[in-house]
Amino acid sequence: MAVFEGTFTQTESLRFAIVIGRFNDLVVGKLLEGCQDCLKRHGVDTNPQGNQVDYFWVPGSFEIPVVARQAALSRRYDAVICLGAVIRGQTPHFDFVAGEVSKGIAAAAFQTGVPVIFGVVTTDTMQQALERAGIKSNLGWNYGMSAIEMGTLMRQVKGLSVNSYGELAAASAVQVLSGETNEI
Ligand code: INI
């Protein structure tokens, strides 16, 4: 039998969509910076004019799932990264938005088979959100790592087949990762 896990190398052929909710822009802008920094330092070209990362801006977190799902359906991306910030404040709006975005992102991944990274911070206060977006650490970096890990893992998982002895074979995944083919 075998062990499959994502890698953080050979990222040159990976493609990502980043879906970003503008609401709480101060926080979300920092999450995006952290995420881009992570991708760049792992060899991904994050330039919007390049061919590895596309950016989709939506008004708020509530709108993220519909775009994330459509991006995943396009089959253009190894992973879709969703970035947003839902801050409780004094309003019950928080619960509706936070509930829908988490359910929607999970559904987008499950329905399409494409990893959709849940990069939406949900906090009670702006202070807590800022702490997670760079004051203490920047979770955007972690979301970038998750996307690379899942993207490289899924290439292996999609390449799996069962040979005549009933054994799993990952030959095509190896070919894809080594850049020999884009076919999965
Ligand atoms: N959107 C967020 O991303 N974060 C929030 O904290 C938030 N709050 O609290 O209202 C929020 N609301 C906007 C929502 O996502 C939609 O854009 C809006 O309701 C229009 O559909």
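Analyst: Let's begin with what a contact is: two residues are in contact if their C-beta atoms, placed from the backbone, lie within 7 Å. Please keep in mind that this is a predicted model, in which local features need pLDDT of at least 70 and side-chain atom pairs count only at pLDDT 80 or more, while totals for chains, interfaces and linings use all residues. Residue numbers start from 1 along each chain as its sequence is written.

Setting aside neighbours up to four places away in sequence, Gly 104 is in contact with Ile 64 and Pro 65. Is Gly 104 buried or exposed? Gly 104 counts as buried, because it has 20 C-beta neighbours inside 10 Å (20 or more other C-beta atoms within 10 Å make a residue buried, 12 or fewer make it exposed, and anything in between is partly exposed, with C-beta atoms placed from the backbone). Phe 62 is 42 residues away from Gly 104 along the chain, yet their C-alpha atoms are separated by 8.7 Å.

The axes of helix 2 (residues 64–73) and helix 3 come within 8 Å and cross at roughly 10° (axes are lines fitted to C-alpha atoms, for helices over the stretch in contact, and angles run from 0 to 180 degrees between N-to-C directions). Helix 2 is therefore roughly parallel to helix 3 (under 35 degrees is roughly parallel, over 145 roughly antiparallel, 65 to 115 roughly perpendicular, and the rest oblique). On the helix 2 side, Ile 64, Pro 65, Ala 68, Arg 69, Ala 72 and Leu 73 take part, and they meet Val 101, Gly 104, Ile 105, Ala 107, Ala 108, Gln 111 and Thr 112 of helix 3. Sorted by class, this contact has 9 nonpolar, 3 polar and 1 charged residues (Ala, Val, Leu, Ile, Met, Phe, Trp, Tyr, Cys and Pro count as nonpolar, Asp, Glu, Lys and Arg as charged, and the others, Gly among them, as polar).

Helix 3 also brings us to the ligand. The shell around the ligand holds 15 residues, the closest being Phe 23, Gly 60, Ser 61, Phe 62 and Val 86 (a residue is near a molecule if its C-beta atom, placed from the backbone, lies within 6 Å of it). Two elements give two or more residues to this shell, namely strand 3 (79–87) and helix 3 (93–112). Which of them gives the most? Strand 3 does, with 4 residues. The shell is made up of 8 nonpolar, 6 polar and 1 charged residues.

Next comes Thr 123, in strand 4 (residues 116–123). Thr 123 is buried, with 21 other C-beta atoms within 10 Å. Beyond the residues up to four places away in sequence, Thr 123 touches Ile 87, Arg 88, Gln 128, Ala 129 and Arg 132. Phe 94 lies 29 residues from Thr 123 in sequence and 9.4 Å away in space, C-alpha to C-alpha.

Another glycine to visit is Gly 151, in helix 5. Gly 151 is buried, with 25 other C-beta atoms within 10 Å. Its contacts, leaving aside neighbours within four places in sequence, are Leu 14, Asp 78, Ala 79 and Pro 115. Gly 151 and Gly 6 are 145 residues apart in sequence but 7.3 Å apart in space, C-alpha to C-alpha.

Helix 5 (residues 139–158) has a helix partner too: its axis comes within 6 Å of that of helix 1 (residues 25–41), and the two cross at roughly 45°. Helix 1 and helix 5 are therefore oblique to each other. Among the residues making this contact are Leu 31, Cys 35 and Leu 39 of helix 1 and Trp 141, Tyr 143 and Met 145 of helix 5. The contact of helix 1 with helix 5 divides into 9 nonpolar, 3 polar and 3 charged residues.

Finally, let's step back to the whole chain. It has 6 helices and 6 strands, and along the sequence they follow the pattern β-α-β-α-β-α-β-α-α-β-β-α. Buried residues make up 40% of the 184 residues. Of the contacts with a separation of 6 or more, 73% join residues 24 or more positions apart.
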